[in-house]
Amino acid sequence: MATPPPFLLLILLLSFPLFSHVAEAGNSTSLKTTAPNPFTAKAALIRYWNRKVPNGRPHPDFVVSKLSPLSALDTASFSSLAASGGGAALSSRLPALCAAARLLCSPSLSTSTASHPSDSTFAAYSDSNFSNYGTDRAGGADSFKNYSASENLPIDTFRRYSRDSAGHDDSFAIYQPDGNVVTANFTSYASAATGGAGDFSSYAHEVNVPNLKFTNYDADANGRVQKFSSYSDDTNSGEQSFAGYGKRGNGIPLSFTSYGNNSNVINSDFNNYGEDGNGANDTFTNYGENGNVPETNFRSYGSGGNAGSEKFSNYRDQANVGDDSFTSYAKGGNAASADFKNYGNSFNQGSDSFKGYGEGSTNHRITFASYSGDNTTFKGYAKTGVDFKTYRNSSSLPSSAAASATLPVRRRPTSRWVVEPGKFFRESQLKKGTVMPMPDIRDKMPARSFLPRSIAGRIPFSAAEVQRVFNIPADTALGKAVADTVAECERPPSRGETKRCATSAEDVIDFAASVLGNNVIVRSTESTNGSKGNILLGDVTGVNGGKITKSVSCHQSLFPYLVYYCHSVPKVRVYESEILSVQTKKKINHGVAICHLDTSDWSAGHGAFVALGYGPGKIEVCHWIFQGDMTWTVAD
């Protein structure tokens with residue numbers, strides 16, 4: 001049926017009784033008292049919910065609060081616009097749509113901050129474009145401190161910063177800390193510079209989704225010192241890329257200390273790093289330590305260089321899994337030196353690939369000391385000048401006690417991304433009187449709302465289209481997150497899984513009803529009270545009498561508007577529990593937990609098995625339903 005034009009809906013609105021079946025009842029929305037304006041997007045969704053699930057159960061606030069805040073007029077206007085012109089028409093009114101619908105949209109960069117003649121200090125600064133800043137400077141120093149701190153969607157660009165400078169120092173301290181979806185681009189930074197130093201300290205600390213790019217950084221530079229300390233530590237699921245870094249540079253010392261430590265699924269790419277350089281000196285210390293699935297790719301790193309030196313110490317130590325790839329590393333170089341010490345001593349083994357390593361180079365020295373790894377391939381590496389000491393994999397463990405003593409002990413990860421206390425637990429712990437740690441269950445995602453189906457359904461669900469409609473550059477953190485979400489939604493379901501990516505609240509309700517029937521109820525943990533501390537369990541109740549059941553769990557995805565990855569979860573038990581203060585014994589929260597009884601298809605490196613021991617299919621695994629997520633079951 002065609003959507004009525006906005007003016008007709010407005011006439012209908014003025015003549016319609018100003019009430020609808022929406023009201024508050026405790027922490028839920030019930031069906032009795034009145035609320036204004038039945039044409040708002042939220043009121044329309046409540047009516048849809050009542051038709052699809054006619055069991056009279058209240059609508060929890062944690063869902064209602066995420067419904068579209070669009071007014072009646074805005075709902076009609078944007079729906080009509082989407083129906084007539086699709087996503088392209090919405091783009092023409094993007095600022096208005098983002099504001100009215102409470103969406104996550106890319107900010108606009110400020111105008112370029114151009115070159116400057118004297119030293120500068122930037123504090124509490126954000127969303128800026130520094131082009132040609134510090135170009136041709138002789139001496140002096142610039143400082144960026146508390147830059148883009150705690151921003152939701154910061155985008156900072158540094159183009160040709162300190163280019164052709166001499167003896168000019170830059171310091172980035174506490175840069176983009178505690179950010180959410182962070183983008184930073186350093187293009188041609190300090191290229192052709194002579195002397196000077198750049199220092200990144202506490203860069204992107206505790207960021208949710210970082211996307212950091214260094215392109216042609218220090219290219220053609222001479223003797224410029226660069227340090228990265230506490231870089232991307234304790235961050236969650238992002239990417240860093242170093243392309244053409246130090247290319248054709250001369251005598252550039254670089255150190256990465258505490259890089260990506262305690263992080264979760266951080267991907268780093270080093271492409272043409274130090275290529276054709278002279279006397280490069282790079283050190284990676286405590287790189288990717290204690291992380292969860294760190295992934296690093298080195299392509300043409302030091303290729304064609306002269307007298308380059310690289311050291312990797314405590315690289316990926318104590319991590320959970322992780323994958324590294326070295327392709328054409330130091331290939332065709334002269335007098336290259338590379339030392340790997342205590343490399344890859346992960347708790348759960350990852351994989352390493354060395355292709356063309358040192359191949360075609362002369363006078364090189366490559367040493368692997370205390371190298372640990374399974375699934376390791378050395379293809380086309382130099383046949384001389386490569387020394388493996390105390391190399392360990394499952395097929396070549398030393399037989400003697402003396403040899404075994406030379407190998408470092410595998411240490412269990414302590415990163416909160418892998419084994420945060422209370423993140424996973426056993427079903428036997430779900431009983432009254434249990435004292436247990438509760439993980440950080442706070443919703444880390446940016447605040448957004450659902451779009452009505454009449455709008456969301458008109459936006460093609462493809463990365464390119466969504467990026468175009470919402471004017472999101474593909475190479476920003478949000479642009480990559482959109483692509484990742486679409487890719488995950490297009491992934492074939494796992495064995496026994498039924499899945500759907502719901503782009504509207506209507507889609508969520510439809511999927512839950514299609515799997516479980518129309519007599520369903522949705523639950524989530526009531527609040528974040530008790531997070532990151534010990535809690536005492538009060539009364540514990542099994543949903544559906546504690547029987548093995550099926551549920552539909554829905555998890556937020558990072559997108560401009562709310563998109564939920566929903567999937568059916570067979571063979572589970574769902575529990576509700578009072579959560580009490582250990583000290584006062586008073587109720588502080590109402591928790592919802594789900595226990596997965598069949599873990600046979602889970603990865604052996606899953607954090608649950610790191611925390612609890614055992615392995616796939618050998619134990620059940622339970623966890624709380626975090627803030628922002630939800631689980632649907634048949635109503636009791």
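Contact here means heavy atoms within 4.5 Å. The model is predicted.

**View 1. Serine 551 sits in strand 30.** The strand spans residues 549-557. Serine 551 has 0% relative accessibility, so it counts as buried. Beyond its neighbours within four places in sequence, its contacts include Leu516, His567, Ser568, Val569 and Val572. Val574, Ile594, Thr631, Trp632 and Thr633 are also in contact with serine 551.

**View 2. Arginine 573 and glutamate 427 form a salt bridge.** The N to O distance is 2.6 Å. Arginine 573 belongs to strand 31 (residues 563-580). Glutamate 427 lies in the loop between helix 7 (416-419) and strand 26 (435-438). The two residues are 146 residues apart, and the pair links distant parts of the chain. Glutamate 427 is buried, at 15% relative accessible area.

**View 3. Aspartate 539 pairs with lysine 432 in a salt bridge.** Their closest N and O atoms are 3.3 Å apart. Aspartate 539 is in strand 29 (residues 533-542) and lysine 432 is in the loop between helix 7 and strand 26, so the bridge ties together parts 107 residues apart in sequence. Aspartate 539 is partly exposed at 41% relative accessibility. Lysine 432 is exposed, with a relative accessible area of 61%.

**View 4. Glutamate 497 forms a salt bridge with arginine 491.** The closest N and O atoms lie 3.8 Å apart. Glutamate 497 counts as buried at 14% relative accessibility. Arginine 491 is partly exposed at 27%.

**View 5. Salt bridges link Lys52, Arg453, Arg500, Asp507 and Asp510 in a network.** The structure holds 15 salt bridges.

Note on methods. Residues numbered from 1 in each chain as written. Predicted model: local features only at pLDDT ≥ 70, side-chain atom pairs only at ≥ 80, totals over all residues. Heavy atoms only, no water. Helix = DSSP H or I, 4+ residues; strand = E, 2+ residues; numbered from the N terminus. Buried < 20%, exposed > 50% of the residue type's maximum accessible area, 1.4 Å probe, protein only. Salt bridge = Lys/Arg side-chain N within 4 Å of Asp/Glu carboxyl O.
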